[in-house]
Amino acid sequence: MSNYLVGPDKKNLFGRRSTWDFDQAIEASSDGDVIEIEAGFDPFNGQNNQSIVITKSITIQGHVENRENEHIYTNTIDGIVVKDGATVTLQNICIQKNTDKSNAITVRMGSTVIAEDVYLINKSTTGTNYPIVYISGNSHVQLKNVTVGASKISDGKHRIYVENSELTIRNSWICAKVYLKHAQFLCHKSQLEYTDGCVLNGNEQSTIQLISSTLTGGKILSKEVYPCVHICDSKLTCQDCSINQPKFDMALLVLNSQMTLKGGQVDSVSLDHTTANINETLIRESFAIENGTQVTGNRFFILGRDNGKVNLYIAGRSNIQVCHIIFGQISNPNLKLWA
């Protein structure tokens with residue numbers, strides 16, 4: 001295993017350079033090698049804006065400093081494309097894009113990226129967002145202590161895109177949509193926020209597990225609505241989470257899926273042709289089940305608000321079998337059953 005130090009062009013007494021250019025270090029490295037960037041050094045100086053392709057299993061390591069409770073990344077690189085089954089570990093580094101229609105991280109062809117203490121950002125202010133992270137082709141990405149910065153382009157397309165692959169997020173703060181297509185997703189002790197569309201959108205037989213996390217956002221327009229969490233033809237397990245989209249009746253919208261809610265709080269729930277098990281969950285606003293939905297559970301709570309909306313709505317030959325439903329606000333009607 002070799003270690004390549006990337007830094008400014010410094011010469012020793014014999015006129016030899018003691019550091020590497022970043023792209024030359026990538027080219028010279030082999031599986032298992034570590035590429036370390038000197039603290040405070042910017043390999044591209046903000047001018048390259050060209051993602052580098054990596055086909056080797058290597059580690060790219062930067063440095064961070066903590067000053068007056070501020071976490072500062074001293075090294076910034078451009079985007080990376082990982083392919084051909086490579087495994088790349090990123091540590092203590094910022095990946096920054098400066099133009100639209102560009103990915104900070106692309107992972108495909110059965111490859112893996114493990115990011116620890118990494119900051120991802122696209123600073124473009126005009127144009128069209130491409131996914132900040134794009135994952136496809138039976139690939140795997142693990143994000144731990146990662147921050148995805150918000151986009152200044154409000155087009156609803158700032159997202160982590162996962163297709164036929166697996167994504168794990170732990171102890172992170174993600175200011176972007178997570179879009180899943182036939183994917184596996186685990187989110188643990190993290191915050192997901194997005195106000196230009198759905199925060200989490202799971203489709204096409206995706207498997208989603210949310211644990212002790214907070215999801216906030218969604219968007220309501222005159223002609224279109226974007227729930228905070230929108231699950232379709234998939235399986236959702238949600239434990240001790242908070243799903244936040246107030247003054248709305250479908251913060252959690254689940255269609256033709258399987259769902260388990262245990263603990264936590266949700267502003268509102270709407271289920272359509274879904275099988276659900278709910279226990280010890282607080283629904284702050286309203287709960288609607290329609291079109292043959294089957295709900296079981298021991299106990300859950302519907303707080304309700306004095307706004308004229310029905311707290312519990314059941315329609316379309318749906319069925320609910322729960323030992324205890326505890327209502328926190330009297331409304332008229334409190335319960336509505338519709339054949």
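**Stop 1: the salt bridges**

Across this whole predicted model, a search turns up 6 salt bridges. Side chains with opposite charges can pair when their charged atoms come close. Let's visit three of these pairs.

Select R67 and E65 to begin. These two form a salt bridge, and their closest N and O atoms are 2.5 Å apart.

Next, select K97 and D78. Here the closest N and O atoms of the salt bridge are 2.6 Å apart. K97 sits in strand β9 (residues 87-97), while D78 is in the loop between β7 (76-77) and β8 (80-82), so the pair ties together parts that are 19 residues apart in sequence. With the surface on, you can check that both K97 and D78 are buried.

E280 is partly exposed at 33% relative accessible area, and R299 is partly exposed at 31%.

**Stop 2: a lysine without a partner**

Now move to K177, in strand β18 (residues 177-181). How far away is the nearest side chain of opposite charge? That side chain is D155, and it is 8.5 Å away. A salt bridge needs the nitrogen and oxygen atoms within 4 Å. K177 has no salt bridge, yet it is buried.

What lies around K177, then? Show G156: its backbone oxygen is 3.4 Å from a polar atom of the K177 side chain. Leaving out residues up to four places away in sequence, K177 touches G156, H158, R159, I160, Y194, C198 and V199.

**Stop 3: the nonpolar core**

In soluble globular proteins, nonpolar side chains tend to be buried together. The largest nonpolar core here has 79 residues, and L90, F185 and F287 touch the most other members. Beyond its neighbours within four places in sequence, L90 is in contact with I60, I80, I95, I105, V113, I114, A115, E116 and V118. Then select F185 and F287, the other two core residues named for touching the most other members.

Conventions: Residues are numbered from 1 along each chain as its sequence is written. This is a predicted model: local features need pLDDT of at least 70, side-chain atom pairs count only at pLDDT 80 or more; totals for chains, interfaces and linings use all residues. Side-chain values use heavy atoms; hydrogens and water are left out. Helices (H or I, at least four residues) and strands (E, at least two) are DSSP runs, numbered from the N terminus. Buried means under 20% relative accessible area, exposed over 50%, partly exposed in between (1.4 Å probe, protein chains only). Lys and Arg count as positive and Asp and Glu as negative; His and the chain ends are not counted. A polar contact is a pair of N or O atoms within 3.5 Å; within protein, one must be able to donate a hydrogen and the other to accept it, and residues adjacent in sequence count only if both atoms are side-chain atoms. Contact means heavy atoms within 4.5 Å. A nonpolar core is a set of buried Ala, Val, Leu, Ile, Met, Phe, Trp, Tyr and Cys residues joined through side-chain atoms within 4.5 Å.
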